[in-house]
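Today I look up how side chains pair up in one structure. I start with charges and then turn to rings.

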Amino acid sequence: MTRRIPYSLLDLAPVPEGAQTSDALRNSLDLAVHAEDWGYHRYWMAEHHNMPGIASSATAVLIGLVAQATRKMRIGAGGIMLPNHAPLTVAEAFGTLATVFPDRIDLGLGRAPGGDGAVIKALRRDPMADSFPQDVVDLLEYFDAPQNDAAVLAIPGEGTHVPIWILGSSLYGAQLAAHLGLPYAFASHFAPAELTRALQIYRERFRPSPWLTAPRAMIAINVFAAHDANEAAFLRTTMQLAFARLRSGMPGKLPRPTRDLDGEIGGNMRSAVDQSLRVSAVGDSVQVKEQLVQLIEMYKPDEVILTGQIHDHAARLRSFEIAAQVMQEL
């Protein structure tokens with residue numbers, strides 16, 4: 001049996017076909033309340049833009065709403081796409097959250113823009129700029145104790161010491177997290193190709209820091225759990241179909257599950273999608289437990305963050321409930 005580790009939840013506030021963004025936001029708040037009762041350690045939201053199927057674009061605002069609706073679970077960003085924002089703006093937003101909800105707010109930082117070229121232009125960002133490492137350092141300083149000689153202070157923000165995580169799906173984030181001595185979360189739920197190497201680099205090169213004395217790595221795992229394997233596989237087709245449409249340049253609302261996935265996306269696309277989504281646990285509680293144990297023993301994360309795009313909200317709740325029960329048994 002594997003060791004017991006914290007389990008968290010990543011929510012993109014999906015907008016299902018046949019629903020509106022208001023439904024998605026209500027569903028996220030409902031899921032968060034249940035997740036806290038089921039023992040989830042963190043509840044993270046992710047910044048995406050210009051995507052009809054994702055309602056978490058104003059991530060800091062939504063984090064505040066989720067924190068208000070819950071009592072003790074850590075709430076955070078998984079993540080904020082830092083190239084879209086001035087570090088001071090991020091520090092003030094998350095400093096405000098940390099002031100209202102002390103010791104409950106996390107800030108995961110990504111290097112991707114969270115959208116296409118049109119989004120970058122609309123956000124008034126320079127597509128050629130790459131100041132991510134310095135921006136992370138600036139954020140760490142803004143959250144630190146105030147310096148008498150600092151020209152700019154984050155108010156609120158200074159002295160809140162909001163924990164910063166580096167997110168990544170390549171070796172770049174692993175190297176930066178190790179260099180700065182920060183916790184690291186890998187996006188293995190959709191881009192697992194570099195997972196093994198990234199974790200190895202992070203652990204081997206980690207340098208202790210004022211924020212962390214030893215490496216702390218988290219991996220993301222898709223979970224589709226139901227009362228039987230056939231139902232779980234059916235629920236999973238929603239995410240497979242959504243991923244195929246995104247790869248084909250046709251993003252939309254979260255699709256309804258299908259009984260004929262190959263007929264809708266073709267065998268070649270199905271293979272490519274399944275390869276990208278291979279870090280997953282699918283089935284009934286026994287099967288999900290076996291797959292989670294295998295993944296945890298293989299990659300030895302310090303924490304896992306579970307996700308899963310499921311069209312029906314009730315089925316989504318049930319899937320995360322089963323996953324929580326399984327994680328409590330490990």
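**Entry 1: ground rules.** I am working with a predicted model, where local features need pLDDT of at least 70, side-chain atom pairs count only at pLDDT 80 or more, and totals for chains, interfaces and linings use all residues. Residues are numbered from 1 along each chain as its sequence is written, and side-chain values use heavy atoms, with hydrogens and water left out.

**Entry 2: Glu329 and its partner.** I looked up Glu329 and found it partly exposed, at 49% relative accessibility. (Buried means under 20% relative accessible area, exposed over 50%, partly exposed in between, with a 1.4 Å probe and protein chains only.) Glu329 forms a salt bridge with Lys289, with 3.3 Å between the closest N and O atoms. (A salt bridge is a side-chain nitrogen of Lys or Arg within 4 Å of a carboxyl oxygen of Asp or Glu.) Lys289 lies in helix 11 (residues 285-299) and Glu329 in helix 12 (residues 313-329), so this pair ties together parts 40 residues apart in sequence. (Helices, H or I with at least four residues, and strands, E with at least two, are DSSP runs numbered from the N terminus.) Lys289 is partly exposed too, at 22%.

Entry 3: How many salt bridges does a search of the whole structure find? I get 15. One of them joins Glu17 and Arg245, at 3.0 Å from N to O. Glu17 sits in the loop between strand 1 (7-11) and helix 1 (21-37), and Arg245 in helix 8 (residues 229-247), so the pair ties together parts 228 residues apart in sequence.

Next I checked Glu303 and Arg42, which meet in a salt bridge at 2.8 Å, N to O. Glu303 is in strand 9 (residues 303-307) and Arg42 in strand 2 (residues 42-45), 261 residues apart. Are these two buried or exposed? Both Glu303 and Arg42 are buried.

**Entry 4: rings.** I searched the whole structure for aromatic pairs and found six. (Rings of Phe, Tyr and Trp, the last by its six-membered ring, pair if their centres lie within 6.5 Å; planes under 30 degrees apart count as stacked, over 60 as edge-to-face and the rest as tilted.) Tyr184 and Phe186 are edge-to-face, 6.3 Å centre to centre with 75° between the planes. Tyr202 and Phe206 have centres 5.7 Å apart and planes at 80°, so they are edge-to-face. Tyr184, Phe186, Tyr202 and Phe206 form one aromatic cluster. Tyr184 is buried at 0%, and Phe206 counts as buried at 11%.
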